[in-house]
Structure formats: C-alpha cells, structure tokens
Amino acid sequence: MVILGIETSCDDTGVAIVEDGHRVLANRVSSQPEHQPFGGVVPEIAARRHVEALPGLLEAVLATADKELADIDAIAITRGPGLIGALLAGWCFGRGLARSCRLPYVGVHHLAAHVHGALMPSLAAGVEVPYPLLALIVSGGHTALYRVDRGPAFERLGATRDDAAGEAFDKIAKLLELGFPGGPIIDRLAADGDSQRFSLPRADLGLEFSFSGVKTAARRLALANSLPPASPEDQRVRDLAASFQCAVVDMLIDTTSRAAREQPSSGLVLAGGVAANRELRMRFATLAGDLDLPLYVSPRELSTDNAAMVAGAGYGRLGQARADELNLPARASWPLGR
Ligand code: KG4
Ligand code: ZN
C-alpha cells in the first residue's frame with residue numbers, strides 16, 4: 001500500500017511517500033529560516049510557509065518516487081497536536097487532495113508518528129518489534145514517557161511539568177543569542193565543551209520531568225559571566241552548552257531508567273526532535289545495553305519532524321481499511337492514549 005504523508009504541525013513542512021508503513025520511497029522536508037530572527041516559531045509565518053511549500057513538495061516526492069497521484073492508495077496527515085494554523089495548512093491540503101482523488105485518508109497523532117519513526121528501520125529490516133515498549137518522546141513541544149502496547153496503544157507514565165526538553169535547549173540558545181533552533185547549536189558547541197565546568201541542578205520528580213530549574217540556573221550563570229551576546233568561539237559558552245546539555249540528558253536518562261525498573265518492558269524507544277542529540281543517543285544506547293533491551297531510534301535526520309513517520313504511522317489503520325470521515329477537525333491539543 002502506497003501512502004502519501006503530510007506533516008505541518010510546527011515549522012517544518014514535510015511530504016513523503018512510504019510503502020507498507022516502512023519502505024520510504026521519497027521524503028522531503030522544507031524548513032523555515034524565517035523564524036530565526038525571532039528565536040522561536042511565529043505561528044502565522046509557519047502556516048503561510050506551509051501553504052506555499054506544500055504543492056512543490058508534493059511534485060518533488062512524486063518525481064523522486066517515480067509515481068503519479070493515481071499510484072497513491074491513501075493519504076496520512078498529521079491531525080495534531082501542534083500549532084492550529086500550521087496544522088490546518090496540511091490538514092486542508094491533504095483532505096482536499098483526498099477528496100479530489102477519491103482516496104481514503106487518516107489523521108495521525110504527531111507523537112505516535114515520532115514513535116513509529118523510531119521503529120521504521122527495524123520494520124524495514126523485517127525485525128519483529130517486541131511489546132510492550134518503554135518510549136521517551138522528547139521534542140520541542142513535548143517530553144513524556146509512555147508505555148506502548150501492540151496496536152499501538154499508549155499509556156502516559158509521566159511528562160514534563162513545565163518546558164519540553166527541546167524548548168529548554170531553544171530558550172538557552174536564544175538567551176545566548178546563538179540562533180534557532182537551539183538544540184542542534186548546543187549539541188555542536190557541547191562537543192568542544194567541558195560539562196563539569198558549571199554546576200547545574202537536576203530535578204528528581206519520580207517519572208516526571210522539569211527543566212525550568214536548570215534553565216534558570218543556566219541563565220544566571222550566563223548573566224553572571226556577562227555572556228549574552230555569546231560568541232560560539234568563547235570557551236565559556238561551549239562549557240556552558242556542555243554543562244547544560246549534560247544536566248538535561250542526565251534527567252532524561254535517570255527518569256527513563258527509573259521507569260524501566262518500575263515497568264518491565266521488552267524494548268526502549270527514543271523519539272522526537274531531541275533524539276537527534278548525540279550525547280542523548282550515546283547515553284540511551286548505554287542504558288539499553290545495561291538493561292539488556294533492544295533500542296529503537298530513528299536515524300538522526302529522521303528524528304526531527306518529517307512526513308515519512310506520518311505516512312508510516314497511518315499505515316496501521318489504513319491497512320485495516322479504517323479511514324477517517326472527511327469532516328474531522330484538526331486538534332491543537334490532543335493527549336496521546338490513556
Ligand atoms: O520533533 P521536532 O522536530 O518538532 C516538534 O515536534 O517539536 O523537535 C524539535 C526540537 C527543537 O526544540 C530542537 O531544538 C530540538 O528538537 N533538536 C535538538 C537537536 N535537534 C533538534 N535538541 C538537541 N540536540 C539536537 N541535536
Ligand atoms: Zn515533532
């Protein structure tokens with residue numbers, strides 16, 4: 001079954017063509033540098049850029065996959081959660097296409113798509129995924145631990161009480177005037193930094209997370225060292241980036257490790273944009289090794305938002321001929337599972 005995927009929940013416009021839930025025939029993402037000067041996503045700009053980018057991306061993926069619209073069997077679109085204007089751009093485009101081509105379509109949960117994205121390499125290799133899984137989803141808008149049963153069915157075990165991990169990376173990079181999105185910038189600077197130079201607090205909240213304490217402490221240190229505006233060449237900036245990243249990763253690893261001990265599972269999943277972080281990936285691999293569990297994680301370039309994971313996640317329901325009605329609304333807020 002050939003599925004066209006569409007992703008527009010935040011500031012990346014994604015269109016992809018995926019066969020049978022895991023074979024990626026084409027996958028294009030158009031990012032939006034227009035948000036750079038603002039140090040964060042401007043919803044109005046995001047929605048407009050999606051509307052402009054979608055037709056060209058559709059043409060491009062059809063050409064790459066050597067397909068016509070007539071070869072597409074169904075359409076999977078991110079229905080939520082996300083910025084409502086941004087979601088509506090993809091939602092209306094995808095549903096219009098489904099209607100005019102008389103194709104079934106399905107609305108996909110963005111976080112379920114991230115989890116599916118982490119499983120895709122194993123599914124493509126024909127490796128059976130064992131359930132239940134323990135999944136850490138870390139993105140710009142969400143940080144939460146889930147138990148994932150076959151289906152997939154999700155049960156939330158704990159989430160952040162304040163910022164998402166990616167949001168904390170973005171805010172520290174913004175404070176230091178380093179650019180946006182901040183996660184990849186901090187990741188790069190941290191590689192040449194001393195993570196022991198600055199001492200930062202770690203919140204310890206059972207299966208929940210909090211990043212406001214570490215963020216405030218990092219802000220104080222930055223101001224005390226007269227950092228902003230910070231030069232990436234300044235060793236103190238690299239050391240602060242490394243210390244901050246280490247504190248965030250410590251909290252993510254310690255909480256996941258606690259959940260793994262409390263909730264026996266058959267595998268670990270690391271998903272969402274922050275899963276592109278190199279230190280987090282390394283430490284997660286070590287954790288999975290210590291727990292003697294298989295680790296499921298996307299390649300770095302498929303950890304951030306893309307439509308291949310959306311098309312893949314839509315396959316489960318479309319494969320069982322459970323398409324959505326054409327009058328469903330997009331959902332800015334949409335809890336995942338129980
Ligand atoms: O999943 P995603 O692309 O969009 C949302 O659904 O939010 O995640 C974007 C987030 C941003 O906050 C970005 O700074 C962060 O993922 N991110 C990273 C890295 N690459 C992206 N954070 C840390 N290290 C990275 N290498
Ligand atoms: Zn995402």
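His110 and Asp305 are both buried, meaning under 20% relative accessible area with a 1.4 Å probe and protein chains only. This is a predicted model, in which local features need pLDDT of at least 70, side-chain atom pairs count only at pLDDT 80 or more, and totals for chains, interfaces and linings use all residues. Residues are numbered from 1 along each chain, chains are lettered from A and ligands numbered from 1 as written, and side-chain values use heavy atoms, without hydrogens and water.

His110 belongs to helix H3 (residues 110-124), while Asp305 sits 195 residues away in the loop between strand E10 (295-297) and helix H9 (308-319). Helices (H or I, at least four residues) and strands (E, at least two) are DSSP runs numbered from the N terminus.

| Residue | Distance to an oxygen atom of ligand 1 |
|---|---|
| Gly183 | 3.0 Å |
| Gly273 | 3.0 Å |
| Asp305 | 2.9 Å |

Taken alone, ligand 1 exposes 560 Å², and the protein buries 91% of that; these areas come from the Shrake-Rupley method with a 1.4 Å probe. In the shell around ligand 1, H5 (182-190) gives the largest share, three residues.

How values were computed. Buried < 20%, exposed > 50% of the residue type's maximum accessible area, 1.4 Å probe, protein only. Polar contact = N/O pair within 3.5 Å; in protein donor to acceptor, adjacent residues only side chain to side chain.
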